[in-house]
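Thanks for coming. I will go through one structure today, from the whole chain down to a few residues. Please have a look at it before I start.

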Amino acid sequence: MRELNEVEMRIVDRTLYLIGQKGTVDVPVRAIVKEAKVNLGAINYYFDTKEQLLTLVREFYTDNMLKTVEFLENQTMDLEERLIYYANETMKYALLYPNSVVLVKDAYRSEVKNSASEELNRTLNHMFSLLNASLKEYLGEHELEIKKMVFMSAMVHPTEDNANDGLYSGNIDTVEKRIYYIQCLLKMLKNSSC
């Protein structure tokens, strides 16, 4: 992703936030302008078109997903640490941009493919491949698919905007609390059987 100035970054940041809030990439430009606290001309000045803005939003999201992948790839940490730090980074990002998974769904479903959507798909496929291998090694093969589903759900659900209106936020609002939560989750998954 190209280097963005402060105004461009605010517009990209608020666009991603609104995509999650609205549950669609079809966020009106006027809503973006209002949320980013810029004038309407700023969108055209900095991005030429809304599609160019959405491309940068996808690139921004991809860059952040790559940061989570770095934890799974880090061979200086043991496997449990890699899973903990991956999950923490994923949850931290999801708290900043609730429901931003809408971008993932859009990239997978879109009939019109662009380089940003394709890169997002490649990054996510790589991430899920690493995560699957890591969970398989950590948890074993017994009931792995169910345990993966529980792990992913336990990361995503508490961070979703509608679930985070105070019900779970006290358990995951700091790094220390998220790490403890993830450690407990991994311990339960490792020691459980259906």
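Helices here are DSSP runs of H or I with at least four residues, strands are runs of E with at least two, and both are numbered from the N terminus. Read along the sequence, the protein chain then gives the pattern α-α-α-α-α-α-α-α-α-α. That is ten helices and zero strands.

Two remarks on what you are looking at. This is a predicted model, in which local features need pLDDT of at least 70 and side-chain atom pairs count only at pLDDT 80 or more, while totals for chains, interfaces and linings use all residues. Residues are numbered from 1 along each chain as its sequence is written, and side-chain values use heavy atoms, with hydrogens and water left out.

Now the overall dimensions. The C-alpha atoms of the protein chain fill a box of roughly 55 × 35 × 30 Å, taken along the principal axes. The radius of gyration is taken over C-alpha atoms, and the globule rule is 2.2 Å times the number of residues to the power 0.38. For 194 residues, a compact globule would have a radius of gyration near 16 Å; the protein chain has 18 Å, which agrees.

Next, burial and surface. A residue is called buried under 20% relative accessible area, exposed over 50%, and partly exposed in between, with a 1.4 Å probe and protein chains only. On that scale, 44% of the 194 residues of the protein chain are buried. The accessible surface of the chain comes to about 10,500 Å² (Shrake-Rupley method, 1.4 Å probe). Carbon and sulfur atoms account for 52% of that surface.

How far apart are the mean positions of the positive and negative charges? They are 4 Å apart, for 23 positive and 29 negative charges. Lys and Arg count as positive and Asp and Glu as negative, with His and the chain ends not counted. Each charge is placed at NZ of Lys, CZ of Arg, CG of Asp or CD of Glu.

On to contacts, meaning heavy atoms within 4.5 Å. Among contacts between residues at least 6 apart in sequence, 68% join residues at least 24 apart.

M155 counts as buried because its relative accessibility is 2%. Leaving out residues up to four places away in sequence, M155 touches Y86, A87, T90 and M91. Y181 is 26 residues from M155 in sequence, and their C-alpha atoms are 9.6 Å apart.

L144 lies in helix 8 too. With 11% relative accessibility, L144 counts as buried. Leaving aside neighbours within four places in sequence, L144 is in contact with L135, K136 and L139. The C-alpha atoms of L144 and S134 are separated by 11 Å, and the two residues are ten apart along the chain.

Now the aromatic residues. Rings of Phe, Tyr and Trp (its six-membered ring) pair if their centres lie within 6.5 Å; planes under 30 degrees apart are stacked, over 60 edge-to-face, and the rest tilted. How many such pairs does the structure hold? It holds six aromatic pairs. In one of them, the rings of Y93 and Y97 have centres 5.1 Å apart and planes at 55 degrees, so the pair is tilted. Y93 is buried, at 6% relative accessibility, and Y97 is buried, at 5%. Y93 and Y97 form one aromatic cluster with F60 and Y61.

Last, the backbone in two loops. Most residues other than glycine have a negative phi. K37 is not a glycine, yet has a positive phi of about 55 degrees. Where is K37? It lies in the loop between helix 2 (29–36) and helix 3 (40–47). Is K37 buried or exposed? It counts as exposed, because its relative accessibility is 71%.

D48 also has a positive phi, near 65 degrees, and is a residue other than glycine. D48 is placed in the loop between helix 3 and helix 4 (50–73). With a relative accessible area of 55%, D48 is exposed.

That is the end of my part.
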